[in-house]
Amino acid sequence: MSGPAIGLSQDANKRSMDVGYSECAEETKRARSADGGMTGSPSSATMDHGREEGVGTSKVLHVRALPVDASESDLVDLAHAFGRVVNVLLLKGKNQGFIQMETPEQATTLLAHCSNAHTTIRGKEVFLQYSNRNEITSSAAQRPPQTEEIPSPILHISILNLIYPITVDILHQIFSKYGFVLKIITFSKNNFHALIQYPDVQTAGTAKAALDGQNIYSGCCTLRIQYSQLKQLTVKFNNDKCRDYQNPTLPSEPAPMPAFQVAGMPDQSYLAGPGGFMPYTGFSPPAEQGGTRVLIMSGFDAERVTPVTLFTLCGVYGDVVRVKILFNKKDTALVMFANASYAQTALMYLNGCPLHGRPLAVNLSKHHSISLPRETDREGQQLTKDFTNSPFHRFKMAGSRNFSHICAPTTMLHVSNISEGVSEEDIVSIFSQSGTVVGFRFFAKDRRMGLVQMASVPESVDALVNTHNYLLNDQHIKVSFSKSKLEGGPMDAPQQEETHTERG
C-alpha cells in the first residue's frame with residue numbers, strides 16, 4: 001500500500017500494533033505457562049473458567065487458537081448473546097483476539113459457557129480466558145464502533161442460531177411491514193445472510209431499529225442487522241435465492257437447494273396476523289423437526305436444588321413438563337419440555353448460567369422422555385416431579401407474548417401481578433433475601449408491575465427461583481429476566497414488551 005495518507009500514519013499504526021501485540025504477548029505467555037508451553041489446548045487453569053493465579057475477573061476475555069480467516073464479526077457473534085459487546089480486537093498475526101463485555105458478570109457468563117461447551121469459530125476450536133486487563137485500550141481498537149455506521153437504504157442481515165429454515169418469502173413478509181422492499185438477495189457465508197434494499201435511508205433505518213436483535217422464532221433465528229456499504233443491488237433472476245419486487249417478470253433460474261434447508265418446511269402462515277408481522281411477538285415455532293425435548297443439567301448444588309427449582313428456572317424459556325434428579329448423581333437432572341423448541345431455547349440461554357453460585361452445564365440428552373417412578377418408590381417420588389398440569393406454565397396460551405421477552409439472565413428482573421397495597425419496601429424486603437437490591441421502581445401507569453435490579457447476575461438468578469410465584473397479599477407475583485433498564489426518577493409507562501399481564 002502507498003500514498004501520502006498511509007505514509008503519514010505509518011508510525012502511529014506501528015505504535016498501535018505494538019500495543020496490541022504487547023498485550024497479546026502477555027496473554028500468550030500466561031497461556032503457555034498455564035499449559036506447560038502448549039497454547040493450542042485448554043489446561044486445568046483455563047478450564048477453571050479461565051482463572052489463573054494472579055489474574056482476577058475482568059470485562060476482557062482473551063481468545064486464542066483463532067482460525068486464520070477469523071474476523072471481528074466472528075468475535076462479536078460468539079459473545080453478543082451474553083450481553084453488550086463494547087469492543088473487540090483481532091490480532092491476525094497471532095491468531096488471537098480480545099472481547100470486551102460491558103460488565104465482568106457478562107464476561108464470566110460467557111467464559112463459563114465456553115468452558116462447558118465445545119466452542120468453535122469457523123469450525124476450529126478456540127479457547128477463552130480472562131485477560132489481565134480490564135479494557136481494550138490500544139489505539140488500534142479505538143476506531144468508531146460498528147454501530148456508528150453510515151446509514152444506507154441497503155441492510156445486511158445475518159441470522160444467528162438458525163434452527164428453522166428462512167426463505168426469501170419469510171424475509172419479505174417480515175421487512176415489508178416497515179416499507180416497500182425493492183430487492184432481496186440471500187447467500188451463505190458461515191451463517192445465513194441477506195441483503196435487503198429499501199427505497200430510502202429512512203425506511204431502512206426504521207426497519208433496522210425495530211428488528212435488530214429480534215428473533216423470528218422463539219429463542220432462535222436471531223436477526224443481526226447492519227447498514228451495507230453497497231449502493232445498489234443487482235438482481236438478474238427471481239428465484240429462491242433472490243428477488244426483484246420492482247421487476248416481477250424477470251426470468252427464473254433453477255436455484256440450488258437453500259444452504260440451510262431442512263426437512264419439513266414450516267407453514268409460513270405463522271407470520272400472518274391481524275396486523276401482519278410484528279417483531280417477534282411470540283409466534284409458535286413451526287412443526288417439530290426432530291431433536292429431543294429433554295435436557296441434561298449438571299453442576300448445581302444438590303443440597304439446595306429441587307425439581308421445583310429447575311422447573312422455575314427452566315420455565316423462563318419454555319414449559320417444563322417433568323424434572324428428574326438422578327438417584328446416583330444428585331447434582332445432575334433431566335428436564336423434559338413440552339417440545340424440542342423449548343429445549344433448544346433453554347439450552348442456548350442456560351448453559352453456563354450461575355445457580356447458587358455454580359455455573360450450570362446444560363446439554364441435549366440422549367433420552368426423549370422421562371418416566372415417572374413407581375408409587376412405592378418414595379425417594380423416586382421426591383426426585384421426580386410431573387408438572388404437566390401445573391398452573392404456573394408461562395407459555396400455556398397459544399401465541400403467548402411471553403416469547404417476545406425471552407433474554408439471557410440479567411441483573412434486571414421484571415415483576416408482575418403485584419397486588420394493590422404492596423409497597424416498594426415490601427418488594428425490596430422480599431428480593432433482598434436473595435442478594436443486594438440495587439433499585440426498584442413501579443411502573444408509573446401500572447403499579448401491578450415493576451423492575452427490580454440486583455447487584456449481579458448470580459443474585460438475580462437466585463432471586464428469580466426464590467420469588468417467582470411468591471404469595472404476596474393473596475396473589476402470586478411473577479418474575480422474569482428483563483431487557484429494560486432502571487432509570488432514575490419515576491418510571492414512564494411500560495414499554496410494549498412489559499405491558500402484558502400474562503407473564504406466568
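Modeller: Rings of Phe, Tyr and Trp, the last by its six-membered ring, are taken as a pair if their centres lie within 6.5 Å, and planes under 30 degrees apart count as stacked while those over 60 count as edge-to-face. Please keep in mind that this is a predicted model.

Colleague: How many aromatic pairs does the search find?

Modeller: Over the whole structure it finds four aromatic pairs. One of these is stacked, because the rings of Tyr 317 and Tyr 349 have centres 5.1 Å apart and planes at 15 degrees.

Colleague: Which parts does the pair of Tyr 317 and Tyr 349 tie together?

Modeller: Tyr 317 belongs to the loop between α8 (307-314) and β14 (320-325), whereas Tyr 349 is in helix α9 (residues 340-350), so the contact links parts that are 32 residues apart in sequence. Both Tyr 317 and Tyr 349 are buried.

Colleague: And what about Phe 440 and Phe 442?

Modeller: Phe 440 and Phe 442 make an edge-to-face pair, with 4.9 Å from centre to centre and 80 degrees between the planes. Phe 440 has a relative accessibility of 2% and therefore counts as buried, and Phe 442, at 10%, counts as buried as well.

Colleague: Which residue lies over the face of Phe 442?

Modeller: That is Arg 447, which lies over the face of Phe 442 at 3.9 Å from the ring centre. Another contact of this kind involves Lys 330, whose charged end sits over the ring of Phe 327, 4.7 Å from its centre.

Colleague: Back to α8 for a moment: why is it described as largely enclosed?

Modeller: Seven of the eight residues of α8 are buried, so the rest of the structure largely encloses this helix. The buried residues are Pro 307, Thr 309, Leu 310, Phe 311, Thr 312, Leu 313 and Cys 314.

Colleague: Switching to voids, how many cavities of 30 Å³ or more are there?

Modeller: The count comes to three cavities of 30 Å³ or more, and the second largest cavity has a volume of about 60 Å³. Among the residues that line the second largest cavity are Phe 311, Thr 312, Asp 319, Arg 394 and His 468.

Colleague: What is the lining of the second largest cavity like by class?

Modeller: It has three nonpolar, five polar and two charged residues.

Colleague: Now the sheet. How many residues of strand β20 are buried?

Modeller: Five of the five residues of β20 (residues 412-416) are buried. Met 412, His 414 and Ser 416 point one way from β20, while Leu 413 and Val 415 point the other way.

Colleague: Which strands does β20 pair with?

Modeller: β20 pairs in the antiparallel sense with β22 (residues 446-454) over four bridges, and four bridges also join β20 to β25 (residues 478-481), again antiparallel. His 414 stands opposite Leu 451 in β22 and opposite Ser 480 in β25.

Colleague: Last topic, backbone: where is Asn 95, and what is its phi?

Modeller: Asn 95 is in the loop between β2 (85-91) and β3 (96-101), and its phi is positive, about 55 degrees, although the residue is not a glycine. With 26% relative accessibility, Asn 95 counts as partly exposed.

Colleague: Is His 356 buried or exposed?

Modeller: His 356 is buried, with a relative accessible area of 13%. His 356 lies in the loop between β16 (354-355) and β17 (358-359), and its phi is also positive, near 55 degrees.

Technical notes:
Residues numbered from 1 in each chain as written. Predicted model: local features only at pLDDT ≥ 70, side-chain atom pairs only at ≥ 80, totals over all residues. Heavy atoms only, no water. 1 Å grid on protein atoms, 1.4 Å probe; cavity = no way out; pocket = protein on both sides within 12 Å on 5 of 7 lines; lining within 4 Å. Points joined across faces, edges and corners; volume = space filled by probe spheres on them. Nonpolar A, V, L, I, M, F, W, Y, C, P; charged D, E, K, R; others polar. Helix = DSSP H or I, 4+ residues; strand = E, 2+ residues; numbered from the N terminus. Buried < 20%, exposed > 50% of the residue type's maximum accessible area, 1.4 Å probe, protein only. Lys NZ or Arg CZ within 6 Å of the ring centre and 35° of its normal. Pairing = 2+ DSSP bridges.
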